[in-house]
Structures are given as structure tokens and as C-alpha cells.
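Me: I would like to learn how to read the features of a model like this one. Where do we begin?

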Amino acid sequence: MLSAVLTQGCATHPTPMSDVSDGHYAMGTILEIEIQGLEPQRAARALDELYDEALRLDRLLSVYDPASEISRLNRTAGRGPQPVQPEVEEILERSVAYAELTRGTFDVTVGPLVDLWKQAANRGEPPTAAELAAARARVGANRISVIPGEGVALGAVGMKLDLGGIAKGYALDRMLPLLERNGIESALLNFGQSSSWALGAPAGSSGWRLLVRGPTGRFVGLITLRDQALSVSGSQGQWVEIGGRRYGHIIDPRTGEPLTRARQAVVVSRSATLAEALSLALLVLESDQGLELVAEQPGCEGLLIEGDGQLRSTPGWNAAVHFEPLPASEEAPWPSDEAP
């Protein structure tokens, strides 16, 4: 709630500053926004602008909305270039570049594999080798063509884009100019605790302090963010059991197989879009490879939390986020890769 600003008589009083927060459903989760140090009316207008931008981008990028541009591209896969909005061109250009950067572990064309494993879960049997091969034949970010002035083409019939692993980060980056335009110097934008932007710092603090949760659900540490984006990816936040084995919702596009090892990846960056791609890569790659990849990117640091509680990080992680580990609890470790 925003308090009203009242004046009496002809006296002039300075407009009080306010800390406001709100949350609305967008992009399949709750977008929570906290703004500090702004007049209530300006803060209310800023919140409206930010939520409107999130919903506008959701209408362009959602795979669940049949009217979105991404859904239209999926329906016209293999039929040549299709006109799209500039934001769609931009996010797909970045997606192609990130697929190459992450050695194919981040790939927005993974849709056919996602659908295949959903079908497998419904029937209670893993896909056959032939089914996997057929789905993998329709996956590959190198088959996305962004043609300036003409649009975007998906190179094969049956390809399917799924921007769930990058759209929230992209939306956060697109909101930053709105914050600046409204004179906001301190704000926290948080998409369902998986993708966040921390601008400035709360009054009297060096930054926004956030708890980091591991794959078991236990909090493993505190971080402090200031002018940084954060992305958190978990291998088994959602999972299904097929044939007595637990499969996570994250799929390795290189093999077509879901991850079965419980782990959590956390990445900070100056770009929420890049942070999302890197957190997924850190989750999928072998530990040393993933941490090395994150550390190679300017301004990026990462933490990998294994199911047994082991923490591994890039060399600059602790300094970048002032990481404060929390004592381990007596909580039982996450089940192993084998059947629970």
C-alpha cells in the first residue's frame, strides 16, 4: 500500500520518501519488486510501468501463449523467415551466441526434447533410442537464422523454441532503463527467486542481502548484491519418476537426457540474460568445466552446490557477493542418482 501525501493550508512540505513493494504474476511465476527512496506516487507509477513491461514481453516470448511470436515461430518452423518484433530478434541472437559460448548446454531449441520427456512421464516409460534420435534431430540453436529486415527462420519442420531458461533474465535487463528513467537508485526485482536484479542498496546497507538455498532446500549461505544480476538453476526443482528413477526437468541438449544428479547452480553477472545462460551451463557441465566457463566471463562469478552439500565456486565468488556460509544442519542429504 502507498500512503497518501497531504498538505494543509498554504504551507509547503517536502514530499516524503517511501519504501514500496508489490508482486504480480508474470512469465509463469511471481515478479516481486521492492523500490526504496521514492515518492509514493512516483513509486506507484514506476511499479505499473515495470509490471506492464514484464507482461508485454511475456506476450511476445511465452511458449504457452498461442498468440505469442515464439508460438508463431514454432508453428512456422521450416517455412522460411517470419517477421518478428525487435525484442524477439535480440533475444534469439543472444540465445544463438550463448549456445556456442556454453558448448551447447544452453539451447532454446530444446522444446522437442522437453515434449518427449513429458510424454514419457505420462506413460511411465523412458523414450526409446529411436524417439530420442528423432527429437534430437530437431534440436540445435545453430539452425536459428536471424535475418535483419526479414525476421527469424527456424531451419527445420518440428523445431520448437522454449525461452523459459532466459526470458526472465532478459525481461529484468529490459526493466533497468525504466528504473533509471524513474530516478530509482535502489530496487530489488525478483522473478520467483530464480532470476533477480539488485540495483543499488537499501538505506544503511552495503547491498541487498539474500539467502542462497541448496538442492535439499537447506539454506547454505548469505550473499550481498549491489548492481548485480543473479540467476539460480536447480536440476531437480521439478522432477518425475519413471521406472523407479528420478528425472529432473533440466535436459542436456547434447544427449537428450534429463539430469538425474541433484545440484544447484548460482551465477552473478552484470547481465541477467547472461547469468541465466551461465547458471544452466554450470548445472549441466562437469564441475570444473562449468566453473571455468563462468570465471572466464567478465564480471561473472558462480557457486555450485551438490546434493551432498559440497560447495564449489569460482575464484572471485566470495569477494563478489561477500558470501557468508551457514552451518550445515542435520538434515538428511538428497537422494543419490539411483532410485530414491
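**The cores**

Reply: Begin with the largest nonpolar core: of its 72 residues, Ile35, Leu61, Leu73, Leu92, Leu163, Met175 and Phe191 touch the most other members. A nonpolar core is a set of buried Ala, Val, Leu, Ile, Met, Phe, Trp, Tyr and Cys residues joined through side-chain atoms within 4.5 Å. Buried means under 20% relative accessible area, exposed over 50%, partly exposed in between (1.4 Å probe, protein chains only). Helix α7 (residues 272–284) gives the most to this core, with ten residues. Another core, of 16 residues, lies apart from it, with Leu210, Val266, Val268 and Val321 among them. In soluble globular proteins, nonpolar side chains tend to be buried together.

Me: What should I keep in mind about the model and the numbering?

Reply: This is a predicted model: local features need pLDDT of at least 70, side-chain atom pairs count only at pLDDT 80 or more, and totals for chains, interfaces and linings use all residues. Residues are numbered from 1 along each chain as its sequence is written, and side-chain values use heavy atoms, with hydrogens and water left out.

Me: Which residues does Phe191 touch, beyond those up to four places away in sequence?

Reply: Contact means heavy atoms within 4.5 Å. By that rule Phe191 touches Ala26, Met27, Thr29, Ile30, Leu31, Ala54, Lys168, Ala171, Leu172 and Met175. Take Thr29 next, in strand β2 (residues 29–38). Helices (H or I, at least four residues) and strands (E, at least two) are DSSP runs, numbered from the N terminus. With residues up to four places away set aside, Thr29 touches His24, Lys168, Phe191 and Gly192.

Me: Is Leu189 buried or exposed?

Reply: Leu189 counts as buried because its relative accessibility is 0%. The residue sits in strand β5 (residues 186–191). Beyond its neighbours within four places, Leu189 contacts Glu32, Ile33, Leu172, Met175, Leu179, Ser195, Ser196 and Trp197.

Me: Where does Thr76 lie?

Reply: Thr76 is in the loop between α2 (69–75) and α3 (86–101). At 14% relative accessibility, Thr76 is therefore buried. A polar atom of its side chain lies 2.9 Å from the backbone oxygen of Arg72.

Me: How many residues line the second largest pocket?

Reply: Its lining has 16 residues, of which Leu259, Thr260, Arg261, Val284 and Glu286 lie nearest the centre. β11 (245–248), β13 (257–258) and α7 each supply at least two lining residues.

Definitions and conventions. A polar contact is a pair of N or O atoms within 3.5 Å; within protein, one must be able to donate a hydrogen and the other to accept it, and residues adjacent in sequence count only if both atoms are side-chain atoms. On a 1 Å grid over the protein atoms alone, a cavity is a set of points where a 1.4 Å probe fits but cannot get out, and a pocket is an open set with protein on both sides within 12 Å along at least five of seven lines; lining residues have an atom within 4 Å of a point.
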